[in-house]
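Hi everyone, thanks for coming. Let me walk you through one part of a structure, and then we'll look at how two chains meet.

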Number of protein chains: 2
Amino acid sequence: MKPLFEHIVIAGVGLIGGSLGIAGKKAGVFGKVTGVGRKTANLELALEKGLVDQVSTNLASVCHNADIFFAATPSESISNVCLEAAKYLPDQCVITDGGSVKKEIVVKIEKELPNNIHFIGGHPIAGTEKSGAGAAIETLFQNRYTILTPTKNTDAKAKSKVKEMWQTLGSDVRLMDPEEHDQAMAVISHLPHFAAYALVETILGADPSGEIQRFVAGGFNDTTRIAASDPKMWRDIFSMNRKPLLKSIEQFEQSITSFKEAILNDEFDKLQNRLKLVKTARKSMDDHCK
Amino acid sequence: MKPLFEHIVIAGVGLIGGSLGIAGKKAGVFGKVTGVGRKTANLELALEKGLVDQVSTNLASVCHNADIFFAATPSESISNVCLEAAKYLPDQCVITDGGSVKKEIVVKIEKELPNNIHFIGGHPIAGTEKSGAGAAIETLFQNRYTILTPTKNTDAKAKSKVKEMWQTLGSDVRLMDPEEHDQAMAVISHLPHFAAYALVETILGADPSGEIQRFVAGGFNDTTRIAASDPKMWRDIFSMNRKPLLKSIEQFEQSITSFKEAILNDEFDKLQNRLKLVKTARKSMDDHCK
C-alpha cells in the first residue's frame with residue numbers, strides 16, 4: 001500500500017517528534033522519515049533507535065521533496081521553524097505541529113505562510129515528564145487524543161490527511177478552535193503543572209535542609225512528579241498561554257482561599273461535602289482516561 | 001520464638017490496621033490478632049483475607065488479655081477509642097496508634113490515660129488513596145518510614161517494643177516530637193492533598209459539563225490522584241492539623257502569587273530559573289523514596 005505521505009521531515013526529534021517518526025514508519029504512514037535538529041548527539045540517538053531514516057542539522061537541504069513537515073521543537077520556536085521550512089518546501093506541502101499551545105502559533109503561521117503551502121495546527125496529548133529521542137516510543141499516540149485546530153483558512157485536503165495520519169497511529173482525533181484548545185489546556189494541563197511547581201517550591205521553602213523530605217510518601221510523589229518536567233518547555237507554555245493560564249490560576253486561588261476559609265471558620269461539614277464532590281468528580285475523570 | 005506481643009487488639013481493620021494484622025502474623029510478631037470494628041461486612045472480609053484471627057464489634061469483650069492495643073480508626077476518634085479501651089486493658093498493656101496527626105491525640109491520651117497503661121503515638125507513612133480491609137496488604141510497611149512520637153512521659157520499655165514491632169515489619173523507625181511531626185506532615189502530606197482537592201475543584205468549576213476533562217493526560221492523572229482520597233479521613237486530618245496546615249497553605253499561596261506575578265510581569269528568565277531549582281529538588285526527592 002502506498003504510504004499516506006512519501007516523505008516527512010520532522011523538526012525536533014524528541015519525545016513527540018521521535019515517537020511520530022517510529023510510529024509512522026512502523027504503520028507504513030511514511031515512505032521516508034528525515035529528522036532535523038541542532039543537537040547531533042540526539043539526532044544520532046534517533047537514527048540508532050530507528051526513529052528516523054536519515055538526519056540532518058540543515059533544514060534547507062532536506063525539505064525540497066517532503067510532502068509533510070512536522071514541527072516538534074519547543075513551542076516557542078514552532079512558528080519560526082515552520083515559516084523557515086516553508087521557504088524550501090515544495091508546492092502543496094502540508095505543515096503541522098505538535099505544540100502544546102495553539103493560538104499564537106496558528107495566528108502567526110496563517111498570517112505569514114505562502115498560499116501554496118498548507119498548515120493545520122495539532123497537539124497530540126501524549127506528553128510525559130521525559131524528553132529527548134531517548135524517551136520516544138512507537139506506542140505513544142495509541143489510545144490518546146490528538147487535537148487538531150483547523151480554522152476557516154485551513155485546506156480541507158490537508159486537514160483530512162493529517163487527521164488520517166493520527167488516526168492510523170491509534171489517536172482519537174478531535175477538532176477544536178485554537179483558542180478553545182488553549183483555554184482547555186490551561187485548565188487541565190498547564191494549571192496542574194503550575195500547581196505542582198508551586199507545591200514543590202513551597203516544600204523547599206519550608207524544608208530548605210531536605211530533612212523532612214525523606215518522609216515523602218506515594219501520594220506526594222505522584223502529585224509532584226510533573227514538577228520534574230523540562231523548565232524550558234514549561235517556561236514557553238506559561239509564556240505563550242499566559243492569558244488563559246492566568247485566568248485558571250485565579251480560579252485556583254479562589255478555590256484555595258475558599259477551602260482555607262472553611263478550615264479557618266471550622267466549617268468542616270461543608271468542607272467534607274466539597275471533598276466528596278471532588279472525589280466523585282476525580283473518579284469519573286478516571287473513566288475518561290483508560 | 002516467642003512473639004513480641006502475645007495478643008494484639010486492632011481497632012479499625014482498614015488499610016493500616018488490616019495490614020498491621022497480616023504483616024505481624026506472618027512475621028511472628030503477634031501470637032493472636034483480634035480485629036475490632038463497627039462494620040461487620042468489613043470485619044468478615046478481614047477474617048476471610050486472614051488479616052486477623054478473630055473479630056468482634058465489642059471492644060469491652062476482647063481487651064482483657066491483650067498486651068498491645070493498636071488504634072487505626074479515623075484520626076478524629078483515635079484518642080476516644082484508646083481511652084475507652086484502656087478501661088478494659090490489663091495492667092502494663094501498651095497502646096499505640098496509626099493516626100496521621102499526632103499532637104492532639106498524644107496530648108489528650110497522655111492527660112487522661114491511667115498510669116498503669118502505656119501509650120506511644122505512631123504514624124506509619126504508608127497510605128494510599130484506598131481504604132478498607134480489601135486494600136490491606138502484608139508488605140505495606142516494608143521499606144517505609146514509621147514515625148513514633150514519644151514524649152517525656154513515654155514508658156521506655158513500651159517505646160522499645162513498639163519500635164521493634166515496626167522494624168520487624170520492615171519499617172525504618174524515626175522518633176519525632178508530636179508537634180514537629182505534625183508540622184512536617186502539614187508540608188509534605190496534608191498540603192499536597194489540600195492542593196489536589198483544590199485543583200480538581202478548580203477544574204470542575206471551569207468545566208462543569210465535563211467536556212474537556214476527557215482530554216486529561218498522564219500528568220494530570222497523577223497530580224490529582226490523591227483527590228480521590230477518603231473525604232472523611234481528610235476532613236479529620238485538616239481539622240486536627242489545622243494550624244500547621246493553615247501555615248503551609250499560606251506559604252503555598254505566596255509561592256503561587258509570586259509565580260503568577262512573574263508571568264504577569266513577563267519575567268520568564270526568572271521564572272525558568274525557579275522551575276529549574278524545583279526540577280532539581282524534585283529529582284533529589286525521588287532519591288529519598290525508593
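**Around strand 5 of chain B**

Let's begin with a pair of strands in chain B: strand 4, residues 68–71, and strand 5 run parallel and are joined by 4 bridges. Keep in mind that this is a predicted model. If you'd like one pair to find on screen, take I68(B), whose bridge partner in strand 5 of chain B is V94(B). Between these strands comes helix 4 of chain B, residues 75–86, and the three together make a right-handed β-α-β unit.

Now look at the other neighbour. Strand 5 of chain B also pairs with strand 6 of chain B, residues 118–124, over 3 bridges, again in the parallel sense. Here I95(B) stands opposite F119(B) of strand 6. To get from strand 5 to strand 6 of chain B, the chain passes through helix 5, residues 103–112, in a right-handed β-α-β crossover.

Which way do the residues of strand 5 of chain B point? V94(B) and T96(B) point one way, while I95(B) and D97(B) point the other.

Finally, the meeting of the chains. In chain B, 78 residues are in contact with 78 residues of chain A. Which helix of chain B gives the most to this side? That is helix 7 of chain B, with 20 residues. By type, the chain B side that touches chain A has 44 nonpolar, 18 polar and 16 charged residues.

Terms used
Residues numbered from 1 in each chain as written. Chains lettered and ligands numbered in written order. Predicted model: local features only at pLDDT ≥ 70, side-chain atom pairs only at ≥ 80, totals over all residues. Contact = placed C-beta atoms within 7 Å. Helix = DSSP H or I, 4+ residues; strand = E, 2+ residues; numbered from the N terminus. Nonpolar A, V, L, I, M, F, W, Y, C, P; charged D, E, K, R; others polar. Buried ≥ 20, exposed ≤ 12 C-beta atoms within 10 Å, placed from the backbone. Pairing = 2+ DSSP bridges. Right-handed = clockwise from strand over helix to strand, strands pointing away.
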